[in-house]
Amino acid sequence: MTNPEYLSGHGRSLLDRRKFLGTAGLSTMGLALAGLLDDDGLLAKEPAAAGGVAPIRPNIDANNPYATRPSHFNVPAKQVLVIYCPGAVSHVDTFDYKPELSKLDGKKPPGMPAVTFEGPTGNIAKPFWDFKPRGETGKMVSDLLPNLGQQVDDFCFFHALSTDTSAHPQGENFINTGFTMEGFPSFGAWVTYALGTENQELPAFVAINDPRGLARSGKNNFGNGFLPAAFQGTDFTAMNPPNNLQRPDLVSPEADRRTVDLLQRLNARHLQKYPGDANLAGRIASYELAGKMQTSVPDVMDLSGETEATLQAYGVEGGSELRGQYARNCILARRLLEKGVRVVQLFNGSDPSGGNGVTNWDSHSKIAKTHAMQAEIMDQPTAALIADMKQRGLLDHTLVVWATEFGRMPFLQANGTGRDHNPGAFTCFLAGAGVKKGFSYGESDEFGFKAAVNKTTVYDFNATLLHLMGLDHERLTYYHNGLERRLTNVHGHVVTDVLA
Amino acid sequence: MVSNVDSVVILSGPSGSFVTEPIIAIMNSLRLKFLIASAIFCVSAVANSKEVQFVRDIAPILEERCWHCHGEDEQESELRLDRRAHMLAGGGSGFAAVVPGKPEQSYLIEVVNHVDQEMAMPPDEAKIPNAEIELLTQWIKQGAIWPGQMEAVAKEKSNHWSFQPIVRPDVPLVDNGSTNPIDAFLGRSLAGRKLDFSESADPRTLVRRASIVLTGLAPTPAESASFLKSSTQNREQAYADLVDRLLESPHFGERWAQHWLDVIRWAETNGSESNMYRKNAWIYRDYVIRAFNADKPYNEFMTEQIAGDTMGQGDATGYLVSGSHVPVATVGQEPSARRQARADRMDEILQTVAASAMGITIGCARCHNHKFDPISIQDYYSMSAVFQDIEFGSRFPELSEDHPRRVRGMELYRQIALLHEQLKKMGSWEENWTGYKELHLPTTKTSKVRITFNWNGVRLDELEIFGPTDQRRNLALASNGAQAFSPPEMAVVRAQLRKVNDGHYGTEGWGCKVAAKSKRKPFIEFTFQKPEEVNRIRLSTNREDFLETDYLEGLNRFNFGGYRVEAQDDNGEWKPVGSTMNFDTLNKKHPERIAHMTRLQELIEQVSEEGPTPSFVARFINPVTTHVLGRGSPESPREEVPPAGLQELEGDLGLPKNAAGRTRRQAFAQWITQKSNPLTPRVAANRIWHHVFGRGIVTTTSDFGAAGAIPTHPELLDWLAAEMMDPLVIDPASENVATAWSMKHMIRLMVMSQAFRQSSQPREDGMVADPDTALLWRFPPKRLEAEVIRDSILQASGSLGSTIGGRSYRIHNVKKRYSQWQVVNNFGSSTWRRMIYQERMRRVDDQMFTAFDFPDCGQVRARRPISTTPLQALNLMNSSFVMQQSKLIAERAVQETGSDQNKAIHRCFELVLGRVPTASELAACSTVAAADNLDLVCRALINTNEFAFLP
């Protein structure tokens, strides 16, 4: 391994102290004393991941956990943007056109359950918004999302998704971590663990939370679970920088510099006692990186250089205050991707207590009003973001994932104004690198009640996302508590039909 | 009549092809579809007169249909059908393919009948002909006779090392100047690689290392100085004394309890949607700290955590509910979702026990037999049967008379009783017990009590009336024969009267209402079956939240205001006996009453905190029958299983299927801690080793199965395990043989070894031969845990509180039911306690130490990974916590040394790093101190590698 480019001469010279060991014929990798993966090479044998194939454990250097690592196979996607819509977007009111619902409006056909998640069920309700054909492909999309509707020719829809739970936090956990339970690494953490990142001066994985706060599963959605903390999403938005990024107000820039210099001297002296210790050198390097982040993060957050046309296209002004804030987050997402950040996860919705009137896509009552309020925030900025990425060429090497945790029922709840959770069928879409354009995979039944054709589990969906990132979901593993853990547990098949 | 006492289903007789309704019901309940039943009974009608012969009738079917995938060459799903014994044992599913005599229990028959489309055999094909199914069925029914194979047994004992009995190995004879057996074992391995221990670490390093490993705190300057001084006189004695002092320090328990809490992912919230706080869950943390400090033998420690309710250690059962759970309220209304949630909660309990005590990954066996280890799906559900009486929730823990909480409670209750005697002379009084209010009355004998409220609308989840004789008997309870009455015209919709005395707390309660200008006020009357003596009335609006949770907005509201109580006398006349509305009058009449009441309320708050209190340490429910769940789904129950441990390790507990819950847990605890169980002591000894040396002899500390690591020093591990159970080494402190299962004995042995006391500096020969330091040719340095960094900073500034145990310090808000916890203050003086006492909210970033691999408490964390990230650097450079503490350290240094800047810098080094600066360090620090201030010098010191690493 050569010394990382991002290190200063000082940092490099510290690492060079390992020379004396080099002469003993050691590779520097062997020096990881209690490295990130100190099980490596110590396990009884290379146990097969569930499924019977040998795991590919990323070779992680304790010095530099974010170093770029190769994918398992070559793919166009180098980065990924996940736009996550907590609360469950109604597929039958947005992208999954079901004319049968209009015919049966107000009726209750046989086969519909008496009780769903929140209680007794009511009658079938036609979509609350009209559907129209959009784009060259003529894909039917409702008037709720006219801006996203314009771009359907770039999208690849999954209409037969189904999940294992009808509760939000478990649903969020499932789609974002692969398990309904607490404590598993998020998709973004897995990708970061596998691939590292291109730009060492920004966090490898950024979670841009909704202006109203975290979603219901909170940090699980972008957490590291049992992976090393290095791979968790760093949490900031266009408005709020990461915690503790800036030097404290009471410390002048010069004084701050002097502290850092003093620290380096003290550490250099200490390292003489432990020549070649990778952990110590790695920690020294992390302080240099932190210093660089103190300028690179504010730079990327600074939207003042964006043109008026861009601000307008994203809808920064002219809509609700929340749309403006979300639009800024969308611009931030694009800027992060332009800088090479590996994973950006953008949230459109929070926890129920977070905001003013509507907090996420959950719509147990008055769906006509609540979905409209949420769509006003999401539609234009998201559509502008994807269009902007396309125009700047980012889609060529970035996978875009638009996701929610489950769908909503074709019938109303007994209260007559909202739709309950539907784990049996829901819609998500992909766009960008490696994905078919203007394509729809799978079908729900005539009511949008259950997946009917090409049923796609959350495991399949996540397996496909990893595949699109060049990762074999059966071989990307981390040993934890007796198991080679995977994002997809012991399940999942890549949906090859959607690959471009 | 073909029958069998063990059989659930009684098959029809030779002439009968009928099946009775109850049998269908049973079969349906076992999810064996009617389809099979009819198939079996058809067969019995047509074919049972004929004897099926294996070679002629069965072998051709198996060869044609099965052996290609389940034969000699291939064993899909680990199933072989070419040997009778393997048929009986079954494959990876865990279900016997063939149960002789019982086709309805034979998985082979189920899959060829395509009962479950997802497990239909042969796969992706039509069913095999009915005639063949009939032959197979009949063959099994006739006993599955396979000539020549009737004696064969497939079940073999595992030959995996960790399941083998522990035999204490001889200590090798190695001449390395140490009498410690640990050094003998390690020395032999080192010699095999032509290595030896490194030279001894210098005393300054040693005192820092031992202090951090044993107590989680760096030594104070005074402690270092004292050790250095005594070391110059007698190095050996000084070190032995140091170890004794550290093992006796109350901070020892705080350090080692944290290790245990990590393994079982203990936290104070539920996780999942509302992530609510678990009321008084921390009393379990106190239990663990106390257990380590008191050196509770490990076998007792385990037993109490599993069945502490039977031995006066009820707080110990917090262990069983340490994982996350989804409360019923947020599961949703669908019954299948609720069954799944209960199964998930049981799984959390099993994971805790299996990972922490047994070192096995039991979760694999939830859906099928464990792929690598001798753990069957039956084992999983038998273990689940052990814990069927456990539910996630609160109770008043059972505490022995000498339990500190009980002792304290008795003390406080005695003082309360004395005040009661005083107050009784001054009329009635009301106590606020947070979750409920209690009005004390002069003892009155009556058969009818009326409570009239001052507010126009009231809401109660329960109203209880007690008397002086049986103080716990609620006389108002409907099931005790009391009748409640309130005028129907005052009723509130959906808040029925019966809820006021049904014994259920929570959101479902009784409401009563009158119009705004009404002259009548809401009231309620209770009629007892016979005259009773009454002296207390207890009311609450939602006591369930009070019992289960805390830090919730709107908790403990009382929606009833003031009230007065009357009792009917023998003549049917209502006589006032007490009221909350005349306290002012009483105070005027008895001026000392005010002080008494203030003191009483203080005592009540104290006893609620320090005495026995409702605590989230599990609640008990009636155990239901336990079935194996096909592929882990509660919708596919199969055969019933008794409570038991692992069959591989003689886990039969000899219990009936309907044994009482506590009996099950007691028997299981006995099994898990018996000396013949090889896993428990191996796992325990290895875990201690892991925390002393930074990595276990088995590095996968919670997985001793075939997928885990093999021991680097297997004989040493077995010697340690044997020594733990049956100590032979004399304990220098008592000069006797140590107590069996003593954890302190094990720790002392390890830290007294030469291996622990050697230098951590790298050596070329060692780095070449063993770069991972697995053989311990030096002491392996490592980055400190989040807790050590934080606690040692607080200690350096002199801010660290020394109270052991108690409620967590708060860093979060009081939240709404459905919202996220927010960190509101993670640095102020109220947080200056050891970090083990920091509120532990599952999956909440504390915005400071989560970046240092502080666990999120979602999954079992047997070992923490060690990350190095720029976010750690930012937190440790720029956080309010570090800035404030830097200032405090600097102030302390100046205060202790006077105005001389160099002396102050000296002191800062001593306080943070436990040493004095070199000349060049002093010069560099002086420059910064002069240009800026001493705070920034301390900020740099806190950030050094020297501070952050265990030397």
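Trainee: What comes after α11(B), and what is its phi like?
Mentor: B:R265 follows α11(B), and its phi is positive, near 45 degrees. Helices here are DSSP runs of H or I with at least four residues, strands are E runs of at least two, and both are numbered from the N terminus.
Mentor: This is a predicted model, where local features need pLDDT of at least 70 and side-chain atom pairs count only at pLDDT 80 or more, while totals for chains, interfaces and linings use all residues. Residues are numbered from 1 along each chain as its sequence is written, with chains lettered from A and ligands numbered from 1 in the order written.

Trainee: Is helix α11 of chain B mostly covered or exposed?
Mentor: Mostly covered: 13 of the 14 residues in α11 (250–263) are buried. Buried takes 20 or more other C-beta atoms, placed from the backbone, within 10 Å of a residue's own; exposed takes 12 or fewer, and partly exposed lies in between.

Trainee: Switching to A:A88, what is its phi?
Mentor: Near 85 degrees, a positive value in a residue other than glycine. A:A88 sits in the loop between β1 (79–84) and α3 (99–103) of chain A.

Trainee: Why does A:A88 count as buried?
Mentor: Because it has 27 C-beta neighbours inside 10 Å.
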